[in-house]
Amino acid sequence: SFLVLRPFVEAYRVVADALLLFTERGVPPEADLLRRCLGLGKQYHLQKRIRNGESVSNVFFANGLRLARNRGLTHGEGPDVAEKRAAFAAELGDTVRRIDAIEALAAGRRAGLLD
């Protein structure tokens with residue numbers, strides 16, 4: 001269900017956005033990056049950019065960081081890595097928007113507004 005996916009995708013989006021902060025310099029050690037993600041995640045939740053408070057979790061952030069590492073986004077610098085990180089962030093932002101759309105459709109069906 002889309003409700004189960006939301007915390008994962010929102011957390012991964014935080015990781016992707018945090019990686020964008022390091023386009024001009026190398027990524028810090030994992031513990032420092034996870035602290036940055038936790039702060040950014042809390043900020044996003046306060047700003048309502050994250051709907052699910054469960055998304056602000058070091059466990060989810062660590063999984064998102066593993067995904068980014070597997071895609072080669074945690075090492076290196078320069079325009080190529082920056083471009084790949086931006087594409088990763090855009091992909092996750094798009095996925096969050098799609099989950100939002102599915103959630104809105106499901107709410108419309110429950111309310112009897114849609115067949």
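User: Does G93 count as buried or exposed, going by its relative accessibility?
Analyst: Heads up, this is a predicted model: local features need pLDDT of at least 70, side-chain atom pairs count only at pLDDT 80 or more, and totals for chains, interfaces and linings use all residues. G93 has a relative accessibility of 7%, so G93 counts as buried.

User: Which helix is G93 found in?
Analyst: Helices here are DSSP runs (H or I, at least four residues), numbered from the N terminus. The one that holds G93 covers residues 79–110, and that's α4.

User: How far apart in space are G93 and A107?
Analyst: In sequence, G93 and A107 are 14 residues apart. Going C-alpha to C-alpha, the gap in space is 21 Å.

User: What order do the elements of the whole protein run in?
Analyst: The protein has four helices and zero strands. Reading from the N terminus on, you get α-α-α-α.

User: What share of the protein's residues count as buried?
Analyst: The C-alpha atoms fill a box of roughly 50 × 25 × 25 Å, taken along the principal axes. The protein has 115 residues, and the share that counts as buried is 38%.

User: How are α2 and α3 oriented to each other?
Analyst: The axes of α2 (residues 30–46) and α3 (residues 58–70) come within 10 Å and cross at roughly 120°. Angles under 35 degrees count as roughly parallel, over 145 as roughly antiparallel, 65 to 115 as roughly perpendicular, and the rest as oblique. So α2 and α3 are oblique.

User: Which residues of α3 make the contact with α2?
Analyst: Contact means heavy atoms within 4.5 Å. From α2, the residues are E30, L33, L34, C37, L38 and G41. By class, the contact of α2 with α3 has seven nonpolar, two polar and two charged residues. On the α3 side, the residues are N58, F61, A62, L65 and R69.

User: Which residues does N58 touch, not counting those up to four places away in sequence?
Analyst: N58 lies in helix α3, and at 39% relative accessibility it counts as partly exposed. The residues touched by N58 are L34 and L38.

User: Which residues does N52 contact, leaving aside its neighbours within four places in sequence?
Analyst: N52 sits in the loop between α2 and α3. A polar atom of its side chain lies 2.8 Å from the backbone nitrogen of E54. With those neighbours left aside, N52 is in contact with R6, P7, E10 and H45.

User: What is the phi of K48 near?
Analyst: K48 lies in the loop between α2 and α3, and it is exposed, with a relative accessible area of 69%. Most residues other than glycine have a negative phi. K48 isn't a glycine, yet its phi is positive, near 65°.

Key
Residues are numbered from 1 along each chain as its sequence is written. Side-chain values use heavy atoms; hydrogens and water are left out. Axes are lines fitted to C-alpha atoms, for helices over the stretch in contact, and angles run from 0 to 180 degrees between N-to-C directions. Helices (H or I, at least four residues) and strands (E, at least two) are DSSP runs, numbered from the N terminus. Ala, Val, Leu, Ile, Met, Phe, Trp, Tyr, Cys and Pro count as nonpolar, Asp, Glu, Lys and Arg as charged, and the others, Gly among them, as polar. A polar contact is a pair of N or O atoms within 3.5 Å; within protein, one must be able to donate a hydrogen and the other to accept it, and residues adjacent in sequence count only if both atoms are side-chain atoms. Buried means under 20% relative accessible area, exposed over 50%, partly exposed in between (1.4 Å probe, protein chains only).
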